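Keep the sequence and the 3D view open, and try each task before reading on.

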Amino acid sequence: MRRIRQALTRWIAVMAVLLGAVALTAQPADAAPAAAQGATTTICGYTPVPAGWVITSENWAGCSGYGLFTITELGDATTIQACSNSPVPAGWVITAMQNGPTCGSSYPLYSLLKVTTQTTLQDCGQSAILPGWVITAIQTVSSACGTYGTYTVTLIPPGATSYQACAISPIQNGWVITSSQNGAGCGNYPLYSLLKVTTQTTLQDCGQSAILPGWVVTAIQPNSPACGSYGTFTVTLVTTQTSLQVCANSRVPDGWVITAMQNLAGCGSYQVYSLVKLADQPSIQACAQSAIPAGYVITQVQSGSSVCGAYNVNTLTKVTTQTTLTVCGQSPIPAGWVITQAGSSGQCGTYTMYTLVKVTTQTSMVVCGPSPIPAGWVVSNQVNGSQCGVYTVLLITKTS
């Protein structure tokens, strides 16, 4: 009998330990509760989904055919399933999709993930790429995302000055493409190597790369090992230079003009432009395709010059203390000036020549039809006169 009692006592003790272990394993005292979704309600399909909510199921027979939608508040959840016609909340990505009855026959069910502390993750190709993230690999067709494919996306580390990304990936501001490689894990897209522009004053990037503000293209290698058919561009930061030679596909910086065009080696199929920075020059000759800088007018046009190829050469004159000017018809008219005469002249080639007068203390003036009417002035009459050639002659008066 004593042996039976001892055996029973040992058996009860073992069972207590086992039961205690099971209880501890199932629910540790300090276990954190799972992040919970918020409230659930229903709306008709024509009702906007409130911010912070998603559609989690749909009954298309409800609400007179508009559909009765069950919507769920995100709450503290970091994952949720939502119908594909549901708005995807900001900061969330699609990680999987599946067809089924939950959302009707037209809309798959998405698995959504909230991006928090992750630095790399996989999402579906139709998912938005969050700011600061890039696509680093593509599985073209995947079991999770179907024909949209699964993208591996990576957060660019703070302080990074280079990274690699698939060509479909957004390129961050201030970065340029330095090489392109096919068949490197990006599906049908090449893999780009990218460089952050920091203190460089010259660098080489690929032809499909954006030219950053303040930079110009100074040389082109048409077909290069690094960039393939896009070619490698040498780009230079405009700093203290007062003259430059750039390729014709380069932007011309503000305040610079094109003074010559040449067919030279170094820019591939593009011409080489000679640029000059305008400072205090009272006049300068510039090719006609050059922008007219603020404060300058065209006072002469020369055709048939080899300096600018097929383009005319314009003489640009700076407007300073003058009160009258003779300009060519394609010239900008400075604010506060009017056209008082118009006619033909060899000085302007095939363009009309205008005489301009600066409005100062006058209270009435006779101007030509194409003239701008200054603020505070009105046309009071049309008058006879031959000083405007083929244009009407107008009397304008000051009203204020």
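**Exercise 1. Aromatic pairs**

How many aromatic pairs does the count come to?

Solution. Begin with the ground rules: this is a predicted model, where local features need pLDDT of at least 70, side-chain atom pairs count only at pLDDT 80 or more, and totals for chains, interfaces and linings use all residues. Residues are numbered from 1 along each chain as its sequence is written, and side-chain values use heavy atoms, with hydrogens and water left out.

Step 1: take the rule. Rings of Phe, Tyr and Trp (its six-membered ring) pair if their centres lie within 6.5 Å; planes under 30 degrees apart count as stacked, over 60 as edge-to-face and the rest as tilted. The count by this rule is four aromatic pairs.

Step 2: look at one of them. Trp60 and Phe69 are edge-to-face, with 5.3 Å centre to centre and 70 degrees between the planes. Trp60 is partly exposed at 34%, whereas Phe69 is buried at 5%.

Step 3: turn to another pair. Tyr163 and Trp175 are tilted, at 4.6 Å centre to centre and 55 degrees between the planes. This pair links distant parts of the chain, 12 residues apart: Tyr163 sits in strand S10 (residues 162-166) and Trp175 in strand S11 (residues 175-181). Strands (E, at least two residues) are DSSP runs, numbered from the N terminus. Tyr163 is buried at 11%, and Trp175 counts as buried at 7%.

Step 4: look for a cluster. Ring pairs link Trp60, Phe69 and Tyr107 into one.

**Exercise 2. Nonpolar cores**

Which residues have the most contacts inside the largest nonpolar core?

Solution. Step 1: define the set. A nonpolar core consists of buried Ala, Val, Leu, Ile, Met, Phe, Trp, Tyr and Cys residues joined through side-chain atoms within 4.5 Å. The largest one has 13 residues, and those with the most contacts inside it are Val93, Val115, Leu121, Trp133, Ile135 and Val153.

Step 1: assign elements. Strand S8 (133-139) and strand S9 (150-155) are the elements that give two or more residues to this core. S8 gives the most, with three residues.

Step 2: inspect one member. Val115 touches Gly91, Val93, Leu121, Leu130 and Trp133, leaving aside residues up to four places away in sequence; contact means heavy atoms within 4.5 Å.

Step 3: find the neighbouring set. Another core lies apart from the largest one and has 12 residues, among them Val176, Trp215, Phe233 and Val272.

**Exercise 3. Strand pairing**

Which residue in S15 is the bridge partner of Thr202?

Solution. Step 1: pair the strands, which takes at least two DSSP bridges between them. S13 and S15 pair in the antiparallel sense over five bridges, and six bridges join S14 to S15, also antiparallel.

Step 1: read off the partners. Thr236 in S15 is the bridge partner of Thr202, and Thr236 is also the bridge partner of Val216. Five of the six residues of S15 are buried.

Step 2: move to the open sheet of three strands, in the order S16-S18-S17, with antiparallel pairing. Strand S16 (243-247) and strand S17 (256-262) each have a single partner strand, so one side of each is left without a neighbour in the sheet.

Step 3: zoom in on one pairing. S16 and strand S18 (residues 272-277) are joined by five bridges, and Leu244 stands opposite Leu275 in S18.

Definitions and conventions
Buried < 20%, exposed > 50% of the residue type's maximum accessible area, 1.4 Å probe, protein only. Helix = DSSP H or I, 4+ residues; strand = E, 2+ residues; numbered from the N terminus.
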